[in-house]
Amino acid sequence: MNPIRLCIRRPLNAHDVVERLSREGSLSLVPSGDQQNKQDAEEYYSFVMNDGMTMIYVVVDRATSLPYVLLNGPLSSQSAWLLHMLGVTEDMQAIMQYCQEATHTEDKIDAICRLGIAAYFDEAQPEIVDMFKQYIRDADARVRQSAIFATSFIGWPEFEPLLQIAMERDPDARVSTIAASAIRIMRESDWNDTEESSTH
């Protein structure tokens with residue numbers, strides 16, 4: 001079973017989530033083994049479900065400063081449901097709605113980051129590809145750059161045609177350069193391994 005990655009509901013931060021999860025009887029906070037690096041301790045928290053094997057990690061993404069949770073273990077689906085019931089996480093439908101409603105540049109960039117985090121372990125979905133297609137054509141170069149970074153992070157092969165167009169036609173040279181780098185990163189990633197494993 002693949003890990004599950006979920007975005008934390010706006011406007012909660014990682015500390016809000018840790019506080020809520022600490023009050024939940026079926027979870028236990030795992031003490032940090034390394035207190036030497038205070039920054040790491042502040043940005044990474046571990047909880048274990050009462051089965052003793054399912055882990056819930058509360059993480060602040062260093063690239064975007066967005067908090068998310070990573071679930072791993074036999075009860076990952078149950079822990080995802082628990083986090084939703086506790087009002088901690090956003091589902092993909094809520095994130096997609098946020099993407100569709102965002103009109104200001106900063107909101108669009110935030111929405112892109114959340115969509116990238118939520119889609120990371122998922123299989124390619126046409127509606128998400130279409131959403132990134134809109135972002136890669138946005139009038140603001142910062143939005144286009146953020147979308148390109150996110151697509152290379154997600155790594156779906158379906159994004160390559162969008163990146164190819166951005167590399168060849170974007171009016172901003174920086175965006176074109178980033179698109180070329182994103183294509184290279186994605187081609188050097190484990191796309192082929194993923195495709196081969198899915199056919200066996």
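Predicted model: local features only at pLDDT ≥ 70, side-chain atom pairs only at ≥ 80, totals over all residues.

Colleague: What makes β2 and β3 a pair?

Modeller: Pairing needs at least two bridges between two strands. Four bridges join β2 to β3, residues 44-49. So the two strands count as a pair. They run antiparallel. Take Val30: its bridge partner in β3 is Ser46.

Colleague: How many strands does the sheet have, and in which order?

Modeller: The sheet is open and has six strands. The order is β2-β3-β4-β5-β1-β6, with antiparallel pairing.

Colleague: Why are β2 and β6 said to stand at the edges?

Modeller: β2 (27-30) and β6 (89-90) each have a single partner strand, so one side of each has no neighbour in the sheet.

Colleague: Which helix lies across these strands?

Modeller: Helix α3, residues 76-85, lies across β1, β2, β3, β4, β5 and β6. Its angle to β5 is about 150 degrees.

Colleague: What makes a group of residues a nonpolar core?

Modeller: The members are buried nonpolar residues, joined through side-chain atoms within 4.5 Å. The largest such core here has 43 residues. Leu115, Phe132, Tyr135, Ile148 and Phe159 touch the most other members. Helix α5 gives the largest share, eight residues.

Colleague: Which residues does Ile148 contact, beyond four places in sequence?

Modeller: Among them are Ile136, Leu163, Val175 and Ile178. Contact means heavy atoms within 4.5 Å, so each of these residues meets that cut-off with Ile148.

Colleague: Which residues does the second core include?

Modeller: That separate core has 20 residues, including Tyr45, Phe47, Ile56 and Ala80.

Definitions and conventions:
Residues numbered from 1 in each chain as written. Heavy atoms only, no water. Axes fitted to C-alpha atoms, helices over the stretch in contact; angles between N-to-C directions. Buried < 20%, exposed > 50% of the residue type's maximum accessible area, 1.4 Å probe, protein only.
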